[in-house]
Amino acid sequence: MVSLEFDLNTDSEQDAFFGAFFKFVEAAAITDADSISVRSDPMGDHQVKVVTFEDDSQADQFQTYWTQRRKWLGL
């Protein structure tokens, strides 16, 4: 299991993250519901999303996808 943390400072960034997360899960055709999970950890005035993946390749793919998505959205 691999866990990645994403520090989300604004509401728009949080909304974009959830959209990206669900699109990634859909595109990856994840059939095992336990292979990816997401949880929120409050950190003062913002949120940290912790996504846990079953394997390294899923984690790397999502990290790359989120980085590209943030650039495209100007976040």
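**View 1. Helix α1 passes helix α2 in a right-handed crossing.** The model is predicted; local features need pLDDT of at least 70, side-chain atom pairs count only at pLDDT 80 or more, and totals for chains, interfaces and linings use all residues. Helices are DSSP runs (H or I, at least four residues), numbered from the N terminus. Right-handed means that the near helix is turned clockwise from the far one by less than a right angle. Helix α1 covers residues 11–28 and helix α2 residues 56–73. Their axes lie 10 Å apart, at an angle of about 135°. Axes are lines fitted to C-alpha atoms over the stretch in contact, and angles run from 0 to 180 degrees between N-to-C directions.

**View 2. Residues of the contact between α1 and α2.** Contact means heavy atoms within 4.5 Å. From α1 come Glu13, Ala16, Phe17, Ala20, Phe21, Lys23 and Phe24. From α2 come Gln58, Gln61, Phe62, Tyr65, Trp66, Arg69, Arg70 and Leu73. Nine of these residues are nonpolar, two polar and four charged.

**View 3. Glutamate 13 in helix α1.** Glutamate 13 counts as buried because its relative accessibility is 5% (buried: under 20% relative accessible area, 1.4 Å probe, protein chains only). Its side chain makes a polar contact of 2.7 Å with the side chain of arginine 70 (a pair of N or O atoms within 3.5 Å, one able to donate a hydrogen and the other to accept it). The glutamate 13 side chain also reaches the backbone nitrogen of asparagine 9 at 2.8 Å. Beyond neighbours within four places in sequence, glutamate 13 contacts Asp7, Leu8, Trp66, Arg70 and Leu75. Residues are numbered from 1 along each chain as its sequence is written, and side-chain values use heavy atoms, without hydrogens and water.

Key: Helix = DSSP H or I, 4+ residues; strand = E, 2+ residues; numbered from the N terminus. Nonpolar A, V, L, I, M, F, W, Y, C, P; charged D, E, K, R; others polar. Buried < 20%, exposed > 50% of the residue type's maximum accessible area, 1.4 Å probe, protein only.
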